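Good morning, colleagues. Please look at the strand pairing first, and then at the nonpolar packing.

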Amino acid sequence: MTGSASLDFIKKELISLEKTMATDVVHKSGIIASLHKDQKEAAKNLVEYLSVRNRDLRVLQDALHVHGLSSLASSESHIRRQVQAILEVLGETFPTDHIDICDFSFSKKKIDEKSHLLFGHKTIPSIPSLMVTFDSGFADSYALIKSLLENGMNVARINCAHDDEATWSKMINKLRKASKRTGIDCKVYMDLAGPKIRTVLLGKGKDKGKVKVKEGELIWLAEEAKGFGQDDVVISPNVPGIIGFLKKGDRVYIDDGVIRATVEKTKSGKAGIRITRISSEKSQIKAEKGINFPDTLIQIPSLTDFDKACLPFICENADLVGYSFVRTAADISHLRKELKAISEHPPLMIIKIETPEAVSNLPSLLIEGMKQRAFGVMIARGDLAVEIGFERMGEIQEEILWICEAAHVPVVWATQVLESLNKSGMATRSEITDAGQAANAECVMINKGDHTIEVMETLKDILQRSAEHRVKKRFRFRQLKIAERFLKL
């Protein structure tokens, strides 16, 4: 292909893209019109981006790059205007009212505004906000909380799956006191526990809280021990009704995937699972460990009765509420109604993406979230990695970042950030690289540990260095299945 022919190809492809984006926006105009007025441009850009990602553009991108033109990478937040700008360079003209107002400056301003609403003022503007997970011991440690503030904490995270309202109150009161004395603002983020499925040992191992198992062994999932022998290993998920959704061949992961099994047989109220792999020298199952069912469509509410009981306290004390195990847009609508019934000005929502269903439904989740002025997305990489497979985690977290950028939705990068450093005082090489990737998010979550201050100092240094290079990344646009599914709706 000669240079002029290549330019003709580029121009033809971009004109086609621009027209398709406009068509898809018209097709989704009814949905866009129903959203909060401050979210409509973001929703339009999201639709335009998904329209682009519904094609394989790698040949076009290479041609653009060869001619020194924008390859459309890093244009998620203003995709249609970027296409128009390239066409203008190639000699196309657009009527003034046809030029998309959502350019780079506009989109950056909108994302910054929403990030400020969610995470507050940043002491270091060039890096993401820092969220620190509070341990129950923080309730009695004013000095530590003050030190966290002085070292850059923007958001304090309280996990409602642990402790109680009395302990949460102590944490928040000490935080408010330290914030007032230091003059440093800090948002309070409270995570709903959600329907976290955990192991309950029935019969064998029940008294010790653990039971030995081996690869190749058949063990059982059941809601009660009745009908089993004393040598049978029987585990009950702590959420009723789970077992009925299981089918032969479904994978079952226990303890963050340390123990892997496959459903071999199902009976009324019970399922036999064959252990296929144990990734630990200690071949045992402990009580209260997580269970994941990556192949099973489990139809249980994302908002539990315990979550609902926590909402009045959260509405009174928190700035942000984290919604665990969200799967559908209806889940978001449900929580919004519950919050509105309690408060006229409820906390802003952070949607946690931690299941394959949430990944598949991400565009619809974002659209539902846009019915309010601002909300965020947390890439909850712990459960998500187990559910989708560790080997896919790098790819999926990039896709979530791209799509949220297109929707002008701030992202929280969560789970195991510099975890070895936090627990042992020494970071691994791969953790340093991972922490650098966190610069692509608007907020980074640090889990609890004994070296939190050191983690914060190290993380700030890494993020500042990474922030200087992040805009230089160039991605290639193969077709995204997420885009195809959404545009077919």
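In strand β17, C443 is the bridge partner of S129. Strands here are DSSP runs of E with at least two residues, helices are DSSP runs of H or I with at least four, and both are numbered from the N terminus. This is a predicted model, in which local features need pLDDT of at least 70 and side-chain atom pairs count only at pLDDT 80 or more, while totals for chains, interfaces and linings use all residues. Residues are numbered from 1 along each chain as its sequence is written, and side-chain values use heavy atoms, with hydrogens and water left out.

Strand β1, residues 129–133, runs parallel to β17 and pairs with it over four bridges; two strands are said to pair if DSSP finds at least two bridges between them. Strand β16, residues 411–414, also pairs with β17 in the parallel sense, over two bridges, and there V412 stands opposite C443.

Which way do the side chains of β17 point? C443 and M445 point one way, V444 and I446 the other, and all are buried. Buried means under 20% relative accessible area, exposed over 50%, and partly exposed in between, with a 1.4 Å probe and protein chains only. In a regular strand the side chains alternate between the two faces of the sheet.

I turn to an open sheet of seven strands, with mixed pairing and the order β4-β7-β6-β10-β9-β8-β12. Because β4 (199–203) and β12 (291–292) are at the edges with a single partner strand each, one side of each has no neighbour in the sheet. Within this order, β8 (residues 251–254) and β9 (residues 259–267) run antiparallel and are joined by four bridges, with V252 opposite A261 of β9.

Next, the packing. A nonpolar core is a set of buried Ala, Val, Leu, Ile, Met, Phe, Trp, Tyr and Cys residues joined through side-chain atoms within 4.5 Å. The largest has 109 residues, of which F134, M153, M190, L366 and I400 touch the most other members. Helix α14, residues 393–406, gives the most to this core, with eight residues. Leaving aside neighbours within four places in sequence, I400 is in contact (heavy atoms within 4.5 Å) with I353, V359, L362, V377, I379 and L384. Another core, of 26 residues, lies apart from the largest one and has A261 and I291 among its members.

Finally, helix α5, residues 79–89, is mostly covered, with eight of its 11 residues buried. Among them are R80, R81 and Q82. Just after α5, G91 takes a positive phi of about 105°.
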